Amino acid sequence: MTTDAATAPSSLLSGQGRGLVDRFGDRALYLITLLAAILSGVILGGITYEVFKLAGSAISKFGLGFLTTSNWDPVHEQFGAAQFIYGTAVSSFGALLIATPLSIAIALFLTELAPRRSRTPIAVLVELLAGVPSVILGLWGILVLGPFLNDTVEPALHAALGWIPLFGGTYSPVGLFPAMVILTIMTVPIVSSLTREVFATVPPSAKEGALALGGTRWDMMTTTVLPYSRPGIIAAVMLGLWRAVGEAIAVTQVIGGAPGIHANIFIPAQTMASQIAAQYQGASPLNQSALGYLAVVLLILSLVFNGVARLLVRGVQRRAKVS
Amino acid sequence: MDYEPSDVTVVDRKDEITSRIPRPAEAPAPASPPQQSSETPASGLERMHATRHIRLEDLHAYYGSNHAVKGVNLSFEPGKVTAIIGPSGCGKSTMVRCVNRMHEEIPGARSQGRVLLDDVDLRGPGVDVVAVRRFVGMVFQKANPFPTMSIFDNVAAGLRFTGTPRDEITDRVNAALEAAGLWDEVEGRLSEPGMSLSGGQQQRLCIARALAVEPAVLLMDEPCSALDPVATLKIEELIGQLKQRVTIAVVTHNMQQAGRVADTTAFMLSGELVEVGPTEKMFTNPDDERTEQYVTGKFG
Amino acid sequence: MRRRHAINRAVEVSCWTAALLAVAVLAIVLVSIALKGAGEINLDFLTQNTSSFGVGGIGNALVGTGILIGLAALMAIPVGILIAIYTSEFAGRRSGFVIRYVLDILNGVPTIITGIFVFALLVVGHQQSGWAGAVGLAIVMLPLVARSCHEVLALVPGHVKEAGLALGASRWRTTLSVTVPTALSGMITGALLAVARAVGETAPLLLVTSIYPDLLVTDPSQPLPNVTVTIFRYSETPDPVKHAQAWGAAFILILFVLALSIVARSLSARMRRRLGAAR
């Protein structure tokens, strides 16, 4: 009684004081968080704007022909991107050509074959591989992988498949092939972890159905797991392509940085991203603008791959919730 | 003499709510004589006395286009436990959630009508939703202690939200735990996480948490539906003890429970209030045929 | 029938091989870094400044990277958490979707292009600087922090938030003293993983803070020496001494990254256990 009588007026006042703070707090938190959310859009818009602005003079000077000519001559200020587009395409598609079956195999292993207790540790190890900084993979690529490929793998491939122009007779520790291998190592964790998540959404009843019909596990995979997961696997490959296309540092380290379009994947080349990384410092204004044009192409490719992949993933998640 | 919130005039009460003074026990009490006491300060909880009256007038509630509560008129009387029964989906939870305005937290939900606390419309203009919830406590279907907080902090949470002075908090937490019948079980381990308690204890912790802020009204939304019979019995006994201190409404789908705890029972069906009356009459001699069918298990 | 079993067997074996190969590659990378890098680590290497001509160490680069990461974290983590609070607590269905999509797209921007953006914004007309590097890293971190914090905030059960509201706490009090503390260890996980990602980032730094002296620089308005650009530079020289130093720096970097991701994983496991109990 006494306490209440004694504290009532003061807590009454503090109650009113808090009322103001409280009312202000709700608005304030809402507005601050809204501003932060808008900021993310502003950054994305700013990046797009700045890259297009930078590319402006190159776009107006070279037009779409920029994409199909392969002349990159800073001295005479003639620029064409075809060789870098070729380098990006070959290194990325090549990497995904290796990474996709590998990743599907890893995902199948982790969802269907591996002993239960070893699944999480192996999955964690594969994901740790994704956490290795690209500059370190590049260092490893240039000093360990490149010489190994040059001395062992490239001659062997040439001996076995030398009749295909891709596997020509000139070897080099740096070039498209090491870039492909490094990009494979970078994309496998991404592709396999997403593929694994997709496989996990396959309803167990469907899998049991296939097994109950007397199918082997392989039959079960081909009749239920893989068809059911197709959109998810496509999303995973898109995400892998996004990662491969945008990687600048490790590729710069191992690709050799030589311009030109060659059928032979063993010799040095250049991608769009690595060209930007290698040349941006100290380039003349038009040269920088041409690099900006490369960045525009790169940005569009990344956004398309990434955006489509995310939409596909959303579709898969929705379906998983429904079933 | 007990301090009585009812000593306060109606006008004062309205001012309390609109100016967001949180607890009835804090209201100025001109009629209470000053009293000297050197004993340990007793919590207001022990002297709380159920005096507040809730009256729903033509209450409607919607989820988007779904009309969940259709024009209910109902009173919760002080000193009595009101049970609201009815088949699931009949709108009974929605209805009580309109009383402390939790209904409007759901996106797309809205309501109309009047919810009177004595004679202040809790849905009226100038009434702050936060102040409403300090007057009207709620216990949910599933025990929901704050997962990161200790037993003590769970009960103290509401007091901290209302800016209760630090030196009062310990006493009031202890009193609330006592009132919720939990004190003997948790004494000496108040710093353990609230989640470490059993299901029934967690639910009583939630009751203590609601009581600590000394609400005038306590809404209980199927408080025992997730509990075993022993824990259920404890909570039902608790409801019986608390009804003199706070006006209580209990939503339940369990008719026997309503029979055991409630003085007044209201029966809802498809969003409408079918019948309300003394519990005994509702279960033995209801006026409405549908009530009879429900309480005798003939449908639902 | 026998053929089908043979195929089945072959597929199972290749799946095993693929998984072993992936783990083996990780092992090979880590082992080569450890073998070549661990031997480099000594007090001189850690404390002396980089040297273009002599041996030197990476002391100034470690300090610079620390400053860059610290500044970037100070920018990205609070903003990322605020975005996550908006998307999980305030945003409607559509605006929440749009903002999360924007964050995904932002996360999809190649970091070399982030570098171009920061270069255009902060370097053109001025000079390279630590601030520009920190902004670049912050842009890399922001979508990671915001998305992961959103995921854990969304995991906090609705009935826990309701308990706060029903107790007479206003929405902001409920958010700050109930929802956020419940999700806190998960949010720390997200922040740590973002730091682990940013600390190994090279591309933006290469454009905006890569021309620096072989000196200790602590003023972020100057270009700051840093570890990743140093590794990049050294890997491109023909000098075996610099190669060895690059391995040493890579060893330190990867230890840091691995330690962060292990701490982050154990925190997130703890949080999931606790929320599992609250469901």
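This is a predicted model: local features need pLDDT of at least 70, side-chain atom pairs count only at pLDDT 80 or more; totals for chains, interfaces and linings use all residues.
I began with Met141(C), which touches Ala72(C), Ala76(C), Ala194(C) and Ala198(C), leaving aside residues up to four places away in sequence.

Next I looked up where Met141(C) belongs. The largest nonpolar core has 288 residues, and Met141(C) is one of those that touch the most other members. Val145(C) and Ala250(C) are listed with it from chain C, Ile136(A) and Ala295(A) from chain A, and Ala208(B) from chain B. As background, I noted that in soluble globular proteins nonpolar side chains tend to be buried together.

**Chain C**

I stayed with chain C and checked its secondary structure. The C-alpha trace spans about 70 × 70 × 35 Å along its principal axes. Of the 279 residues in chain C, 58% are buried. I also looked at contacts between residues at least 6 apart in sequence: in chain C, 77% of them join residues at least 24 apart.

**Chain B**

Then I turned to chain B, where I counted 12 helices and 10 strands. Buried residues account for 50% of its 300 residues. For contacts between residues at least 6 apart in sequence, 71% in chain B link residues at least 24 apart.

I picked out one pair of strands here. Strand S1 (residues 54-63) and strand S2 (residues 66-76) of chain B run antiparallel and are joined by eight bridges.

**Where B meets C**

Which residues does chain B bring to chain C? I found 21 residues of chain B in contact with 18 residues of chain C. Helix H4 (129-135) and helix H5 (151-161) of chain B each supply at least two residues of that side of chain B. By class, the chain B side holds 11 nonpolar, five polar and five charged residues.

**Chain A**

Last, I looked at how chain A is divided: domain 1 covers 2-63 and domain 2 covers 66-322. Their centres, taken over C-alpha atoms, are 39 Å apart. The contact between them takes 10 residues from domain 1 of chain A and 11 residues from domain 2 of chain A. On the domain 1 side I found seven nonpolar and three polar residues, with no charged residues.

Note on methods:
Residues are numbered from 1 along each chain as its sequence is written. Chains are lettered from A and ligands numbered from 1 in the order in which they are written. Domain bounds come from an automatic or database domain assignment. Two residues are in contact if their C-beta atoms, placed from the backbone, lie within 7 Å. Ala, Val, Leu, Ile, Met, Phe, Trp, Tyr, Cys and Pro count as nonpolar, Asp, Glu, Lys and Arg as charged, and the others, Gly among them, as polar. Helices (H or I, at least four residues) and strands (E, at least two) are DSSP runs, numbered from the N terminus. A residue is buried if 20 or more other C-beta atoms lie within 10 Å of its own, exposed if 12 or fewer, and partly exposed in between; C-beta atoms are placed from the backbone. A nonpolar core is a set of buried Ala, Val, Leu, Ile, Met, Phe, Trp, Tyr and Cys residues joined through C-beta atoms within 7 Å. Two strands pair if DSSP finds at least two bridges between them.
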